[in-house]
Amino acid sequence: MTRLPPDTKPRGIHELYAEDPVAADRKLWDREVDPVSRRGFLKRSSLLAMAAAVGGSIPFADRMPGGLIPAALAQSDEPFTLEGKEGLTVLNDRPINAETPAHLLDDDITPAKHMFVRNNGIPPEVESIDAETWELEIAGESCENPQTFTIADLKERFEHHTLQLQVECGGNGRSEYVPSASGNQWTTGAMACPTFTGVRLRDVLEACGIKDDAVYIGYYGADRHASGDPNKEPISRGVPMEKALEDESLIAWAMNEEDIPYLNGHPLRLVCGGWPGSVSGKWLKRIVIRDQKHDGDKMAAPSYSVPKHPVAPGSNIPNEDFVTIESMPVKSLVTFPKSGTDHALSENMTVRGHAWAGDLAVEEVHVSIDFGATWQKAELKAPPNRLAWQRWTTTVEFPEPGYYEVWARATDEEGHAQPMVVPGWNPKGYLNNACHRIAVQVA
Amino acid sequence: MKSLNSFTMPTLVVALLCLPLGAGAQETDPGTGLVQAEGWETVRNNCTACHSASLVIQNSGTRNHWENLIRWMQDTQGLWEFQAETEETILDYLAEYYGPKEDTRRPALPRTLMPDNPYPTVADSG
């Protein structure tokens, strides 16, 4: 595992409040109170942040004293985590961004509590979300019959599909690039593979009529720009028609058979697995069918884009020399054991994890305990469906006591393997698929 | 690490004063996590309206890198314009305490072994 910046280590909410309650208010919620009454919230964004963490609105917020731990969070001595989430490392509390340690991604199907959170903007207020009245509009210049659907309409009119789909942030692994790329310094945990239930995006688009000149779709969500400016979109991305019309592209209302977690897009989101997570819009309100490449916020270079040709580290690249990222690259994680474990020399060690390859399938996974000098092939399962990750398992035998690193390397069906070192540098630090490694002390 | 105050011998003080500013013990503000050094309050006041200080602290780069980031935020993200003096303070602070990182699995080849780059680099202008 890579080293975390010192200020991203999880800290208990009690620890923060015990040190300095006013500072804890600021750190966690950017909260400042009325200077006279010492109550309330001067900034609306702070109230929204606290409301998001406790999972509901705070009707008497103006009377809430400063420096008070919300009781909903005070029951726990666990490190500060987000509503419905456990064990995540918070990289940034405003906007909320949090990643999952590798060993907490060991489940075949990622539980909601272990799914990372990546927000470009401010999520819609919890109390503004009503799944009963939520509407999705399908429109755009290349839509023949623009229509609006409630979630009940979608459920009634279209066939339901449940698929296990990979969602990985394009910037996962950014922390390893040098010179460093700006943004949230993700290590390996901006990845999840839960199941999603919904309707095919294709079925809904076809019901609204796709004109012959359609080339792209774009989404709009109910989240707001981090600056609070109502005229700015936090993010509005999309995919080419070919990806939009795939069997696995869903408009989903459920994750792991339950409501999608609030921070992951409840009550409705797009899921186009295998591409940067940012194409899978959350709090989905509108989809436009476009006669040109979608030009919403964060579609243009350098967002979610890499240089069209490889470049030397540290190069300044003009926007016209970038291309938009499509499929994510081949990658794998060691999810068991947890890095830092001790192991007895007399026993073989089971090692396992997941491997995935964006639009492609993974062909092989190899494991090394000698820094890549020799490799042994792991057992690899087929994915439960296309665009789901694949489970790999193997047993390793340590020849003598000492310090070992277990490295895993996946190879996709077209022969691309993960690099041992950090791959080609790019200005925004995307697509780091360097092999994951864990440390084991054998005695 | 020991703080500067714990040393009283004149020779040690002189020796320590010769160290780069960023090399000494650094107190951080418990509220934001920012290193408490000249300019930190200016950074807090100007850089945490849209995002928390965590986004600053986890990043690193040359003065030029930070300046480019500020221009991008001003051009596209609604960040206000700074007075020249304020901007100097912010850039001095960020370049000093959140300067370029070098630790990596495998560093880039030394500049002397690099071919001519068709693009300018951060190092050239930073």
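**Notebook: loops, sheet, core and contact side**

Entry 1. I started with Tyr304(A), which sits in the loop between S15 and S16 of chain A. I note here that the model is predicted. Is Tyr304(A) buried or exposed? I counted 24 other C-beta atoms within 10 Å of Tyr304(A), so it is buried, the cut-off being 20 or more. The phi of Tyr304(A) is positive, about 45 degrees, although the residue is not a glycine. I wrote down the general rule beside it: most residues other than glycine have a negative phi, and most peptide bonds are trans.

I stayed in this loop for one more residue. Pro302(A) also lies between strand S15 (284–290) and strand S16 (305–307) of chain A. The peptide bond that leads from Ala301(A) to Pro302(A) is cis, and its omega is near 5 degrees.

Entry 2. I looked up another cis peptide bond. Where is it? It joins Val178(A) and Pro179(A), with omega at about -5 degrees. Pro179(A) belongs to the loop that runs between strand S7 (167–168) and strand S8 (191–192) of chain A.

Entry 3. I then checked Glu257(A), a residue other than glycine whose phi is positive, near 70 degrees. Its place is the loop between strand S12 (250–255) and strand S13 (258–259) of chain A. Is Glu257(A) buried or exposed? I found 10 C-beta neighbours inside 10 Å, so Glu257(A) counts as exposed, since the limit for that is 12 or fewer.

Entry 4. I turned to chain A as a whole. It holds seven helices and 26 strands. Of its 443 residues, 51% are buried. I also looked at contacts in chain A with a separation of 6 or more: 69% of them are between residues 24 or more positions apart.

Entry 5. I picked one helix, H6 of chain A, residues 201–208. Which of its residues are buried? I listed Leu201(A), Val204(A) and Leu205(A). Seen down the axis of H6(A), the buried residues fall within an arc of 95 degrees, so they line one face of the helix. Just after H6(A) comes Gly209(A), with a positive phi of about 85 degrees.

Entry 6. I followed a sheet in chain A. It is open, has five strands in the order S19-S26-S25-S21-S22, and its pairing is mixed. Why does one side of S19 and of S22 lack a neighbour in the sheet? Strand S19 (341–343) and strand S22 (376–377) of chain A stand at the edges with a single partner strand each, so one side of each is left without a neighbour in the sheet. As background, strands of a sheet pair through backbone hydrogen bonds, either parallel or antiparallel.

I took three of the pairings in turn.

- S19(A) runs parallel to strand S26 (residues 436–442) of chain A, and three bridges join them. In this region His343(A) stands opposite Val442(A) in S26(A).
- S26(A) and S25(A) are antiparallel and pair over seven bridges. Val406(A) has Ile438(A) in S26(A) as its bridge partner.
- Strand S25 (residues 402–412) and strand S21 (residues 362–368) of chain A are antiparallel too, joined by six bridges. Val365(A) has Ala410(A) in S25(A) as its bridge partner.

Entry 7. I looked for the largest nonpolar core and found 86 residues in it. Which residues have the most contacts inside it? They are Ile251(A) and Val406(A). Val406(A) is the residue I had already noted as the bridge partner of Ile438(A). Ile251(A) touches Leu201(A) and Val204(A), among others, and both of these are buried residues of H6(A). I also wrote down Leu154(A), Gly198(A), Val199(A), Leu268(A), Leu270(A) and Leu284(A) as residues that Ile251(A) touches, leaving out residues up to four places away in sequence. A second, separate core has 15 residues, including Cys47(B), Ala53(B), Val56(B) and Tyr97(B). In soluble globular proteins, nonpolar side chains tend to be buried together.

Entry 8. In chain B I looked up Glu38(B), in the loop between helix H1 (10–17) and helix H2 (40–47).

Entry 9. Last, I checked where the chains touch. I found 33 residues of chain B in contact with 35 residues of chain A. Which elements give two or more residues to the chain B side? They are helix H3 (54–57) and helix H6 (122–125) of chain B. H3(B) gives the most, three residues. By kind, the residues on this side of chain B are 13 nonpolar, 16 polar and four charged.

Technical notes: Residues are numbered from 1 along each chain as its sequence is written. Chains are lettered from A and ligands numbered from 1 in the order in which they are written. This is a predicted model: local features need pLDDT of at least 70, side-chain atom pairs count only at pLDDT 80 or more; totals for chains, interfaces and linings use all residues. Two residues are in contact if their C-beta atoms, placed from the backbone, lie within 7 Å. Helices (H or I, at least four residues) and strands (E, at least two) are DSSP runs, numbered from the N terminus. Ala, Val, Leu, Ile, Met, Phe, Trp, Tyr, Cys and Pro count as nonpolar, Asp, Glu, Lys and Arg as charged, and the others, Gly among them, as polar. The arc is that of the directions from the helix axis to the C-beta atoms. Two strands pair if DSSP finds at least two bridges between them. A nonpolar core is a set of buried Ala, Val, Leu, Ile, Met, Phe, Trp, Tyr and Cys residues joined through C-beta atoms within 7 Å.
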